[in-house]
Amino acid sequence: KDSGKMRAKLCDKLATTLGELAEELIGPSHPAAIERVNEALTQGTAEEGPLVCSLLKKELEGSRFDGHFVARDGKGKYRLGKEGKKV
């Protein structure tokens, strides 16, 4: 009976922890995170897509684009939303 509630609680705790870790890695208030994204863009590393998408998603929070899907569309190119608006 309670196993569903326990799983939900564990998932919530995991989501919170992952959010905190993500903030450390890609948070806009962390200069090292900005440098890491810049390096990934400049060198075209495998981290480019996940880092840039995460940073864009974070920066869009609170705007009219909050919650929109962000996807990589090639080196240095990204799409926003279901329609795939290029940004």
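Visitor: Which residue forms a salt bridge with R79?
Guide: D73 does, with the closest N and O atoms 2.9 Å apart. A salt bridge here is a side-chain nitrogen of Lys or Arg within 4 Å of a carboxyl oxygen of Asp or Glu. This is a predicted model: local features need pLDDT of at least 70, side-chain atom pairs count only at pLDDT 80 or more, and totals for chains, interfaces and linings use all residues. Numbering runs from 1 along each chain as its sequence is written, and side-chain values use heavy atoms, without hydrogens and water.

Visitor: How many salt bridges does the structure hold?
Guide: The structure holds 4. Among them, R36 and E47 meet at 2.4 Å, N to O. R36 lies in helix α2 (residues 31-43) and E47 in the loop between α2 and α3, so the pair ties together parts 11 residues apart in sequence. Helices are DSSP runs (H or I, at least four residues), numbered from the N terminus.

Visitor: Switching topic. How many disulfides?
Guide: The count is 0, taking a disulfide as a pair of cysteine sulfur atoms within 2.5 Å. C11 is exposed, at 51% relative accessible area. C53 is buried, at 13%.

Key. Buried < 20%, exposed > 50% of the residue type's maximum accessible area, 1.4 Å probe, protein only. Helix = DSSP H or I, 4+ residues; strand = E, 2+ residues; numbered from the N terminus.
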